[in-house]
Amino acid sequence: MFDSGLSAEEAFYRAFSERDIEAMGMLWSRDDVCCVHPGGPRILDYQAVLESWRQIFSGNPPVLFRTQHRHCITDARLTVHLLEEIICTPEGRQIAPPVIATNGYRLEADGWRMFLHHASVPASLLVEPPSPATGAVH
């Protein structure tokens, strides 16, 4: 499988860019997973996570990802990456605002696998910002 959280993350963005559902399926852990797409619900089951990716890939052209501002929290069996995703056309033109993502990887018997992907659009870019009374999104 993957020899580090970073190599698993590279495979994640490659599978995402290429809309490769088989590669995406191989990357994810089968146990205790969580995926939240921007504006979407929390998904906690491997099969449901894979179906969410299948729906995202369906009918959408390939894209490129640039990642930036990666911050890693790592120990021997777990790594969490906090970063910004810049989504671009295959020619390199940015097509959406940056997405804030948290990706988690853990060391399993066969190597590093993804167990968490949580992506969101910053509140400053939302069409309807949070209520001034609360000042918070959650």
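Trainee: Which residues of α1 are buried?

Mentor: Helices (H or I, at least four residues) and strands (E, at least two) are DSSP runs, numbered from the N terminus. Buried means under 20% relative accessible area, exposed over 50%, and partly exposed in between, with a 1.4 Å probe and protein chains only. In α1, the buried residues are Gly5, Ser7, Ala8, Glu9, Ala11, Phe12, Tyr13, Ala15, Phe16 and Ser17. The helix is thus mostly covered, with ten of its 14 residues buried. Please note that this is a predicted model, in which local features need pLDDT of at least 70 and side-chain atom pairs count only at pLDDT 80 or more, while totals for chains, interfaces and linings use all residues. Residues are numbered from 1 along each chain as its sequence is written, and side-chain values use heavy atoms, with hydrogens and water left out.

Trainee: What covers the buried residues of α1?

Mentor: Contact means heavy atoms within 4.5 Å. The covering elements include α2, α3, β3, β4, β5 and β6.

Trainee: How is the span of α1 to be read?

Mentor: The expected span of a helix is 1.5 Å times one less than its number of residues. With 14 residues, α1 reaches 20 Å from its first C-alpha to its last, close to the 20 Å expected. Just after α1, Arg19 takes a positive phi of about 55°.

Trainee: Which residues touch the most other members of the largest nonpolar core?

Mentor: A nonpolar core is a set of buried Ala, Val, Leu, Ile, Met, Phe, Trp, Tyr and Cys residues joined through side-chain atoms within 4.5 Å. The largest one here has 29 residues, and Phe12, Phe16, Met24, Leu27, Trp28, Val49 and Trp53 touch the most other members. At least two residues each come from α1 (5-18), α2 (21-27), α3 (46-57), β4 (78-88), β5 (99-108) and β6 (111-120). The largest share, six residues, is supplied by α1. Leaving aside neighbours within four places in sequence, Met24 is in contact with Phe12, Ala15, Phe16, Leu50, Trp53 and Phe57.

Trainee: How many aromatic pairs are there?

Mentor: Rings of Phe, Tyr and Trp (its six-membered ring) pair if their centres lie within 6.5 Å; planes under 30 degrees apart count as stacked, over 60 as edge-to-face and the rest as tilted. By this rule there are eight aromatic pairs. Phe12 and Tyr13 have ring centres 4.7 Å apart and planes at 70°, so this pair is edge-to-face. Phe16 and Trp53 also form an edge-to-face pair, at 4.8 Å centre to centre and 75° between the planes. This second pair links distant parts of the chain, with Phe16 in helix α1 and Trp53 in helix α3, 37 residues apart. Ring pairs join Phe12, Tyr13, Phe16, Trp53, Phe57 and Phe65 into a cluster.

Trainee: In what order do the six strands form the sheet?

Mentor: Two strands pair if DSSP finds at least two bridges between them. The open sheet runs β2-β1-β6-β5-β4-β3, with mixed pairing. Its edge strands, β2 (42-43) and β3 (64-74), each pair on one side only. Antiparallel pairing joins β3 and β4 over nine bridges, and in β4 the bridge partner of Arg66 is Ile86. A hairpin through three residues joins β3 to β4.

Trainee: How many disulfides does the structure hold?

Mentor: A disulfide is a pair of cysteine sulfur atoms within 2.5 Å. The structure holds zero disulfides. For Cys35, the nearest cysteine sulfur, that of Cys34, is 7.2 Å away. Cys35 is buried at 0% relative accessibility, whereas Cys72 is partly exposed at 38%.
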